[in-house]
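Me: Please take a close look at one part of this model, the helical packing towards the end of the chain. Which helices pack together, and which residues do they use?

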Amino acid sequence: MRIHVAGAGAVGLLVGARLAEAGLDVRMITRTAEQAAAILDEGILLSAGREEKVFRVGATSIPGEARNGGLTILAMKSYDLNEFLAALDGKPGDAPLLFVQNGVAHLSLASRFRDRPVAFGTIEHGARKTGLRSVEHTGTGPLRIAPVSDDFRPFIPLLGADSPSFPVVRSNEEPEWLLLKKALKNCMINPVTAVAGVRNGMLAEDPNLGALLGRLHAELAAAFPETADEVTLDEVLALCRKTAENTSSMLADLLEGKRTEAGAIMGGVISLARERRASLPTLAALHDLVCSMERRGDRLG
Ligand SMILES: NC(=O)C1=CN([C@@H]2O[C@H](COP(=O)(O)OP(=O)(O)OC[C@H]3O[C@@H](n4cnc5c(N)ncnc54)[C@H](OP(=O)(O)O)[C@@H]3O)[C@@H](O)[C@H]2O)C=CC1
Ligand SMILES: CC(C)(CO)C(=O)C(=O)O
């Protein structure tokens with residue numbers, strides 16, 4: 001089965017390379033023709049520790065190619081989904097879609113594709129894009145996949161890529177629940193690393209940043225008590241250690257002067273808390289700080 005990976009950033013390149021490593025027929029869908037040409041000519045260069053490997057995959061910059069059969073993994077940022085999905089909207093087709101964005105904002109998109117099998121995934125890998133066709137695997141964790149309907153069959157080919165360096169897990173949880181738990185972790189790790197300008201591992205080492213993480217955790221656990229047993233502070237710290245060398249996706253965006261997913265991750269969770277009449281003052285303050293840093297770019301003043 002052909003797998004299209006739409007969005008060849010940190011996560012897209014990592015996923016594309018690891019699926020190709022498992023022998024799946026991968027084709028990247030990039031935003032620019034320049035990137036598609038680079039990937040086609042030279043393959044994806046994946047580095048993990050001291051190991052470097054090149055994986056030959058297909059590549060195109062034509063979004064409509066995702067209509068031509070196969071399963072499509074959407075690996076762009078949450079705010080870029082709409083533009084890409086416009087190429088599929090209203091077009092008949094039964095090709096499965098897997099969303100792997102952080103945050104909760106994109107959950108509502110599933111209702112636009114009632115004719116297709118849709119699943120939502122969470123990624124606990126660390127990935128850093130280092131060039132048009134190169135990516136560093138900076139931390140291993142599971143790709144969990146939860147289908148919107150109970151039918152997992154369309155996504156079974158992805159289980160074929162399961163390996164110690166790229167665990168792929170079939171989740172029996174509701175997508176809303178899976179994404180909420182991951183979003184809470186991102187609400188702790190991403191803004192703190194972004195504002196402090198540190199890699200993930202520092203949150204498990206620096207006492208002040210650790211205290212801030214603890215405060216955020218207590219606030220989120222009070223607002224979402226049903227997650228308390230599954231999103232423990234120890235688990236969040238374990239994710240920081242597993243991805244110690246990673247710059248979180250939010251910090252990476254600020255460093256590159258790109259738009260962040262503050263709205264999809266923090267904004268989405270703040271809205272969910274508001275519906276329960278719970279307030280998240282620490283998270284709201286971090287949200288404002290990240291938005292201000294994003295707007296000002298790296299300029300002083
Ligand atoms: N980085 C990480 O360690 C992790 C990230 N995530 C999540 O994964 C998702 C992706 O993040 P990440 O890979 O870091 O983001 P990146 O910004 O590195 O990559 C996003 C990619 O999507 C491409 N893109 C944007 N619009 C389109 C389009 N219309 N068609 C095709 N490609 C498009 C961008 O292209 P261009 O560069 O040309 O604009 C870019 O290459 C996010 O939701 C993030 O929160 C989850 C776990 C870990
Ligand atoms: C898993 C983690 C925390 C890796 O940095 C991530 O999801 C992100 O950076 O957005």
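Reply: Helix α5 (residues 175-196) packs on helix α6 (residues 207-223) at an angle of about 150°. Their axes lie 10 Å apart. Axes here are lines fitted to C-alpha atoms, for helices over the stretch in contact, and angles run from 0 to 180 degrees between N-to-C directions. Helices (H or I, at least four residues) and strands (E, at least two) are DSSP runs, numbered from the N terminus.

This is a predicted model: local features need pLDDT of at least 70, side-chain atom pairs count only at pLDDT 80 or more, and totals for chains, interfaces and linings use all residues. Residues are numbered from 1 along each chain as its sequence is written, while chains are lettered from A and ligands numbered from 1 in the order in which they are written.

The crossing of α5 and α6 is right-handed. A crossing is right-handed if the near helix is turned clockwise from the far one by less than a right angle, and left-handed if anticlockwise. From α5, the contact uses Leu184, Cys187, Met188, Val192 and Ala196. From α6 come Leu209, Leu212, Leu213, Leu216, His217 and Leu220. Two residues are in contact if their C-beta atoms, placed from the backbone, lie within 7 Å. By class, that gives ten nonpolar, one polar and no charged residues. Ala, Val, Leu, Ile, Met, Phe, Trp, Tyr, Cys and Pro count as nonpolar, Asp, Glu, Lys and Arg as charged, and the others, Gly among them, as polar.

Now the second pair. Helix α9 (residues 262-275) and helix α10 (residues 281-296) pack at about 160°, with axes 10 Å apart. So α9 runs roughly antiparallel to α10 (angles over 145 degrees count as such). Their crossing is left-handed. Ala262, Met266, Gly267, Val269 and Ile270 of α9 face Leu283, Ala284, Leu286, His287, Val290, Cys291 and Glu294 of α10. This contact has nine nonpolar, two polar and one charged residues.

Methods. Parallel < 35°, antiparallel > 145°, perpendicular 65-115°, else oblique.
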